[in-house]
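Morning, everyone. Please look at the structure on the screen. I will start with the whole chain and then turn to one residue.

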Amino acid sequence: MTPRLDNPSTLFPAGFKAMVALEQALAQAIDPELLELVKLRASQINGCAFCIYMHTTDLRKRGVDEMKLYLLNAWRDSYLFSERERAALAWTEALTRVADDGAPDSEYNALAEQFSEEERVQLTFAIGAINVWNRLQVGFHVAHPPRGAAMRSNAA
């Protein structure tokens, strides 16, 4: 895959700076493992190799069970995910695929059972942010780094 642009962040630095500020706020607001699971699931749906690489790497560094990573795309059929994670993942899928079914009441109601209003807003921002990052990486054909290479610490 040939990159479409050399370095998109230099072409709209204010946009990238705003995204990084949002990521920093989200990192303070949401449990880090849950946040990474949400980002990884959205990235799987969007086919973003760069972000899948990044968030899988981050989850491994956090000591998340490898099997949980393997089963993320089948989370509905695995007992490895808590009810809170299930609610967040269902909401992630609904909003990432919003053009298909909107944001169904069933998914929102499950979310509301597990998360406060403030947490629902924070999680929705996180889902929106990872979808923006996915579209940037996929749209501009940004390749993931070579295996074992360090990722940028301030990216999505």
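Here is the chain, then a single side chain.

This is a predicted model, where local features need pLDDT of at least 70, side-chain atom pairs count only at pLDDT 80 or more, and totals for chains, interfaces and linings use all residues. Residues are numbered from 1 along each chain as its sequence is written, and side-chain values use heavy atoms, with hydrogens and water left out.

How many helices and strands are in the chain? There are 9 helices and 0 strands. Helices here are DSSP runs of H or I, at least four residues; strands are runs of E, at least two; both are numbered from the N terminus. The C-alpha atoms fill a box of roughly 45 × 30 × 30 Å along the principal axes. Of the 156 residues, 41% count as buried. Buried means under 20% relative accessible area, with a 1.4 Å probe and protein chains only.

Now the residue. Asparagine 131 lies in helix α9, which covers residues 117–139. Is asparagine 131 buried or exposed? Its relative accessibility is 8%, so asparagine 131 counts as buried.

What does asparagine 131 touch? Leaving aside neighbours within four places in sequence, asparagine 131 is in contact with Ala42, Asn46 and Thr96. Contact means heavy atoms within 4.5 Å. With asparagine 46 there is also a polar contact, side chain to side chain, at 2.8 Å. A polar contact is a pair of N or O atoms within 3.5 Å; within protein, one must be able to donate a hydrogen and the other to accept it, and residues adjacent in sequence count only if both atoms are side-chain atoms.

Note on methods: Buried < 20%, exposed > 50% of the residue type's maximum accessible area, 1.4 Å probe, protein only.
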